Amino acid sequence: MRTSRIVPTGTIREFGSEEIIVSKTDLKGIIRYTNEVFSRVSGYSREELIGSPHSLIRHPDMPGGVFRYLWQRIESGHEVFALVKNLCKDGAGYWVLAHVTPSFDRAGHIVGYHSNRRRPEHGWISAIEPLYARMRAIESGHQRPAVAAEASLEAIAPSRP
Ligand SMILES: Cc1cc2nc3c(=O)[nH]c(=O)nc-3n(C[C@H](O)[C@H](O)[C@H](O)COP(=O)(O)O)c2cc1C
């Protein structure tokens, strides 16, 4: 589901090292809760965010394989950390270190997902960009998004847990 039609401007937006961007979603990744920092950095009001799929802020520079891995991890009950470039409403981008976890009910069933995002440390973005560029190049050779995402993930992490 690619809902965003916003054209990236190439600008990168920063946020404070003490700030945390928070969201909670249902089982399908529809946003059910956000904090104020999320709105300020992304440029979307809480009303615009809540009820939207998280792909609202998907940046086209992000390889689909990263999100495939994210969903494989959380749907199987695990946490995941990922460096993610997101797209603001005005076309700027912002990088986050996202920690995404499932939320469980008392019977141990997954009832939704939760993400806390911090500003990445200096140097992490330049370290990850060549890998993401390689993944995008692999994905560009495939028509179907799901096949493309699996191909890039397989190329960089063939024996992942
Ligand atoms: C709790 C949670 C947080 C997420 N955070 C982001 C995010 O910050 N940026 C993003 O592009 N996708 C995020 N996703 C993944 C999206 O649901 C989606 O898979 C991704 O944007 C790729 O879109 P697509 O799968 O429709 O291609 C998150 C998912 C969950 C469950």
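These are my notebook entries on a predicted protein model.

**Ground rules.** I number residues from 1 along each chain as its sequence is written. Because the model is predicted, local features need pLDDT of at least 70 and side-chain atom pairs count only at pLDDT 80 or more, while totals for chains, interfaces and linings use all residues; side-chain values use heavy atoms, with hydrogens and water left out.

**Overall layout.** I looked up the secondary structure and found 5 helices and 5 strands. Helices (H or I, at least four residues) and strands (E, at least two) are DSSP runs, numbered from the N terminus. Along the sequence I read the pattern β-β-α-α-α-β-β-β-α-α. The radius of gyration is 15 Å, close to the 15 Å of the globule rule for 161 residues, so the protein is as compact as a globular protein of that length. That radius is taken over C-alpha atoms, and the rule is 2.2 Å times the number of residues to the power 0.38. I also noted that the C-alpha trace spans about 45 × 40 × 30 Å along its principal axes.

**Buried or exposed?** I found that buried residues make up 42% of the 161. Buried means under 20% relative accessible area, exposed over 50%, and partly exposed in between (1.4 Å probe, protein chains only).

**Helix H3.** I checked the length of H3, residues 64–75. Its 12 residues should span 16 Å at 1.5 Å a residue, and its end C-alpha atoms are 16 Å apart, which agrees. The expected span is 1.5 Å times one less than the number of residues. Gly64, Gly65, Val66, Leu70, Arg73 and Ile74 are buried in H3. Their cover includes strands S3, S4 and S5 and helices H4 and H5. After H3 comes glycine 77, with a positive phi near 90°.

**The core.** Which residues have the most contacts inside the largest nonpolar core? I found Ile21, Tyr94, Val96 and Tyr132, in a core of 30 residues. Such a core is a set of buried Ala, Val, Leu, Ile, Met, Phe, Trp, Tyr and Cys residues joined through side-chain atoms within 4.5 Å. Its largest share, 5 residues, comes from S4.

**Two residues up close.** Leaving aside neighbours within four places in sequence, tyrosine 94 is in contact (heavy atoms within 4.5 Å) with residues including Phe15, Ile21, Phe38 and Asn86. I followed that last one: asparagine 86 lies in strand S3 and is buried, with a relative accessible area of 5%.
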